[in-house]
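Hello,

Here is the structure you asked about. Please open it first; my notes follow below.

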Amino acid sequence: MWFFDRLAIKIFTIFLLTIASFLMLIMVLPNLDSRNLTYLANKDKEIGNKLARQIENDLANVPKDSFRWWMRFIVVMNTHQKPAQSLFIVTPNEQIITAETKNIDLIKNFSQKSHNVDDPAKQIYDTQEIIGPFLIHYTNAQYQLYILQPATDSQSQFVNFIFDHPFLLLTLTMLASSPFLLWLSWSIAKPARRLKQAADQVAKGNLQEWPDLEKIGSSEYKATGASFNLMLRELKRMQALQQRLFSDISHELRTPLTRLQLATSLLRRKQGESSEVIRINNEAIKLDAMIGDLLLLARQQYDNNEIREFNQIDLLFKPVLDNAAFEAEQIGKSFSVVNRPTNHTILCYPVALCSALENVIRNAFRYSNKQIIINFEVKKQKITITIDDDGIGVAESELAQIFRPFYRTSEARDRQSGGTGLGLAIVANAIIRDHGTVTAEKSHLGGLRIVIILPIHKYK
């Protein structure tokens, strides 16, 4: 029914049923104690009444006013009692006649609970049980016979201890119901866990829809799942629109830019070189590079044409380090690798990751004075790559901002180097796609240190 599909109603119903079941157990369990007073079955009544008739027939020969007549009672009872059995007779004035005097208190306690000869009962005391009373007629008076014998269904001492301690019984009842409550909690939380898994996948860039979110759980969870999938469809639509926008920008901007470069070349042929023509040409080249970097960043964020693969670190980065060593030699700078890459495996987009590391190294070449040091260190299933240079560095207040698109710490430096302000943004995006992190710090060489951390995976 739709009414019970509501989460609030379901939780309230489960809570109510749990409390009702708990109270029922508390009320029923004490009644299962075999030491409680129970009434005899017809077969047991017949056995007890038969014994009472036998004793009654023998007592008929005992005069009431004879000397120590109660001793004759004991002799008769000893004649009819079985091994390990003790007989007790309660007189009309509530005196107890027996040869087993140590259990008289038990008989007194039991006789106060069971004194109806028409409905005899049984009760267990430790390992013994008392049954009775059974009617015996003697000299126009009614006597009651009680039988003490070993218990036929005695409980273990552990069970007796539980029933004798209500708080322990309450604790055991709560523990017994815990698996049921845990299962109920798990079943209620299952849709929430599924929704969290879907949200985690979206956070990783996977915009795949989750139809099962609209089918499991209460109506609130189903409605949330439907809204979640609607959000994913809208994100996909917006992503497609943004990707098309970037494509259109590429086409619309590059066409007049090409014409501008062609006009600049024609102007140079007609009028020769001039500072204005050189300025126009440089700005056109810079604009072309900026458009290229912007489109590269867009493709990284929204295109997944590259396949994520398992790669061995030393083999993956070897071409990048070899090219960096060659380039450093050509420009007269010192490039050294303190710890060579290991043979551990990472899961990554290989082309984008290598391009990111190469961009960081090229930035270090561009802004360093003479020295660049790169270090690879494996610790706690992660590999840390640090790139240090001895350049002028970046102010500490700006270290967290340099990975933002178009952020520039120095207009004069970017203008001189031809930077577009997108290089480190492209690097950060590539690292994040591989579930890594990238940060900037002050280098011990005096310049900038870039720290890249990537998770290590076991190849499957």
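Start with helix α10: Glu-358 and Arg-362 are four residues apart there, so about one helical turn separates them. Helices here are DSSP runs of H or I with at least four residues, strands are runs of E with at least two, and both are numbered from the N terminus.

Before the rest, the ground rules. This is a predicted model, where local features need pLDDT of at least 70, side-chain atom pairs count only at pLDDT 80 or more, and totals for chains, interfaces and linings use all residues. Residues are numbered from 1 along each chain as its sequence is written, and side-chain values use heavy atoms, with hydrogens and water left out.

**Salt bridges**

Glu-358 and Arg-362 form a salt bridge, with the closest N and O atoms 3.5 Å apart. The term means a side-chain nitrogen of Lys or Arg within 4 Å of a carboxyl oxygen of Asp or Glu. By this rule there are twelve.

Arg-362 also bridges to Glu-327, at 3.1 Å from N to O. That pair links distant parts of the chain: Glu-327 sits in helix α9 and Arg-362 in helix α10 (residues 350-367), 35 residues apart. Together, Glu-327, Glu-358 and Arg-362 make a network of salt bridges.

How accessible are they? Glu-358 is partly exposed at 27% relative accessible area. Glu-327 is partly exposed at 23%, and Arg-362 is partly exposed at 36%. (Buried is under 20% relative accessible area, exposed is over 50%, and partly exposed is in between, with a 1.4 Å probe and protein chains only.)

Another bridge joins Arg-308 and Asp-434, at 3.7 Å from N to O. Arg-308 is in the loop between α8 (275-302) and β7 (309-312), and Asp-434 in the loop between α12 (423-433) and β12 (437-442), so the bridge ties together parts 126 residues apart in sequence. Arg-308 is partly exposed at 24%. Asp-434 is buried at 1%.

**Aromatic rings**

There are four aromatic pairs. One of them is Phe-110 with Tyr-146: edge-to-face, 5.8 Å centre to centre, 85 degrees between the planes. (Rings of Phe, Tyr and Trp, the last by its six-membered ring, pair if their centres lie within 6.5 Å; planes under 30 degrees apart are stacked, over 60 edge-to-face, the rest tilted.) Phe-110 lies in helix α4 (residues 104-113) and Tyr-146 in strand β6 (residues 141-150), 36 residues apart. Phe-110 is buried at 0%. Tyr-146 is buried at 0% too.

Best wishes
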